[in-house]
Amino acid sequence: MITYGLFLYIALTLLVTVIAHGTDQAGVVPLRRFSPYLSRKEARNILCSAEIFILLAGVSLCRIAVGNDYWVYRDNFKLIAQDRYVSYEPGFTYVVKFLQWFLSYDNYLPIFAFFSIVTTFFMVKALHEQGEWFVFSVYIFMTAGYYFGSLNNVRYYLALSIAMYSIKYIHEKDYVKFTSLIILASLFHKSVLIVIPLYILAAVKWNVFGHMAMALACGSFIAVPGLYRKVIFLFYPFYEGSMFDKGLTSITSIGRALAIFLFSLIYIKKVRDDAKLRFGFYCNLFALLLYTFCSFMPEISRIGFYLSITNVFYIPSLLLRIENKKAKAIWSILIALAFAAFFALFLKSAYQTDIRILPYYNWIFQ
């Protein structure tokens, strides 16, 4: 049965994809730095991105009681207002405290709205600046569930959005800005620090010895998982034995990463010869290995998302580099259908208590 929330999510996905298709581009043209005037193409690109931002931010900031941790955050907002301890990173706590200075007690809706706007801004800005095939990047971003996941786990998705934006600095080899941005993001969710080594490693041009080291690392994951768990729990002691420490991994995530890996192998020469493609390839490969060999890690999906979100840029970029028009069209259709199927599975699971982004409620009409 199609409910109001389900219809809204499907309609929103279709609408932003249509808007993205209206951009006069296969990749957003950067603004001219020293010109006060915009070309028609630049203005259209900015307008389309702004429309997408308004739609996505609007649905997010108008939500109420959406997400399995929504009321947990609301309760912790009250604790923060009372100067009591909460297990949140200091950046998030101080921002909430600052916002509460302007608000009455337990006025939590504007706080959720603020984080919705900031998270959506970084996501759309990343798509605008880094999407070489903008419409396809937007389509994957929506159907892979990255946007809809942001209606849950407020701190994590804020950090994820900043990590998504930081990828541009990896490609520019500006590691100072990249590291600074990730450190800033870690003030809201410290798990994002893992992307500093992972993204830098993904940008390396790996040789045979590097691949051998990768294989040995996977072997160690199998041989001594207890050692890795001890290291993890030094930083996250509250995860040990918690509801997040289940030793589970997602078969769907493994299947998706494996399918992208096999598709990449068909065009591996293009991947080897292009720094941006190599980065996306290795991020996806790291995600596949983590999902497959590291189920002993609590919340492995969070680390996997930092890696798999690069597919939003990687897959369209690889498709653009296929010279054979017929092959490009066939692969584009097959990949679009695959993500549509994944989107259907995602929406089916959205009612589960550990996700609960459906049913959708908003404070305007309900």
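This is a predicted model: local features need pLDDT of at least 70, side-chain atom pairs count only at pLDDT 80 or more; totals for chains, interfaces and linings use all residues.
**Stop 1**

D83 is not a glycine, yet its phi is positive, about 60°. Most residues other than glycine have a negative phi. D83 counts as exposed because its relative accessibility is 62%, and the cut-off for exposed is over 50%.

The side chains of D83 and K97 meet in a salt bridge, at 2.6 Å from N to O. K97 lies in helix α4 and D83 in the loop between α3 and α4, so the pair ties together parts that are 14 residues apart in sequence. K97 has a relative accessible area of 30% and is therefore partly exposed.

**Stop 1: the end of α4**

Keep helix α4 (residues 90–102) on screen and move along to F102, which belongs to that helix. With 54% relative accessibility, F102 counts as exposed.

**Stop 2: D106**

Continue into the loop between α4 and α5, where D106 is found. D106 has 28% relative accessibility, so D106 counts as partly exposed.

**Stop 3: α5 against α8**

Hide the side chains and select helix α5 (residues 109–130) together with helix α8 (residues 154–171). Two packed helices are described by the angle between their axes and the distance between the axes. Here the axes come within 9 Å and cross at roughly 25°. That makes α5 roughly parallel to α8, because angles under 35 degrees count as roughly parallel. The crossing in which α5 passes α8 is left-handed.

**Stop 4: E89 and R155**

Stay with α8 and bring the side chain of R155 back, along with that of E89. E89 forms a salt bridge with R155, and the closest N and O atoms are 2.8 Å apart. This pair links distant parts of the chain: E89 sits in the loop between α3 and α4 and R155 in helix α8, 66 residues apart. Are these two residues buried or exposed? E89 is buried, and so is R155.

**Stop 5: V138 in α6**

Select V138, which is in helix α6 (residues 134–143). V138 has a relative accessible area of 2%, so V138 is buried. For a distance check, pick the C-alpha atoms of V138 and I167. The two C-alpha atoms are separated by 16 Å, and the residues are 29 apart along the chain.

**Stop 7**

How many salt bridges does the structure hold? The structure holds 11, and this stop shows another of them. Select R321 and E132, which form a salt bridge with the closest N and O atoms 2.8 Å apart. The pair links distant parts of the chain: R321 is in the loop between α17 (311–320) and α18, E132 is in the loop between α5 and α6, and 189 residues separate the two. R321 counts as partly exposed because its relative accessibility is 23%. E132, D274, K276 and R321 are linked in a network of salt bridges.

**Stop 6: α11 against α15**

Return to the cartoon view and select helix α11 (residues 208–223) and helix α15 (residues 275–293). At what angle do α11 and α15 pack? The angle is about 20°, and the axes are 10 Å apart. That makes α11 roughly parallel to α15. The crossing in which α11 passes α15 is right-handed.

**Stop 7: the peptide bond at P359**

Finish with P359, located in the segment after α18 (325–349). Select L358 as well and look at the bond between the two residues. A cis peptide bond joins L358 and P359, with omega about 0°. Most peptide bonds are trans.

Note on methods
Residues are numbered from 1 along each chain as its sequence is written. Side-chain values use heavy atoms; hydrogens and water are left out. Helices (H or I, at least four residues) and strands (E, at least two) are DSSP runs, numbered from the N terminus. Buried means under 20% relative accessible area, exposed over 50%, partly exposed in between (1.4 Å probe, protein chains only). Axes are lines fitted to C-alpha atoms, for helices over the stretch in contact, and angles run from 0 to 180 degrees between N-to-C directions. Angles under 35 degrees count as roughly parallel, over 145 as roughly antiparallel, 65 to 115 as roughly perpendicular and the rest as oblique. A crossing is left-handed if the near helix is turned anticlockwise from the far one by less than a right angle, and right-handed if clockwise. A salt bridge is a side-chain nitrogen of Lys or Arg within 4 Å of a carboxyl oxygen of Asp or Glu.
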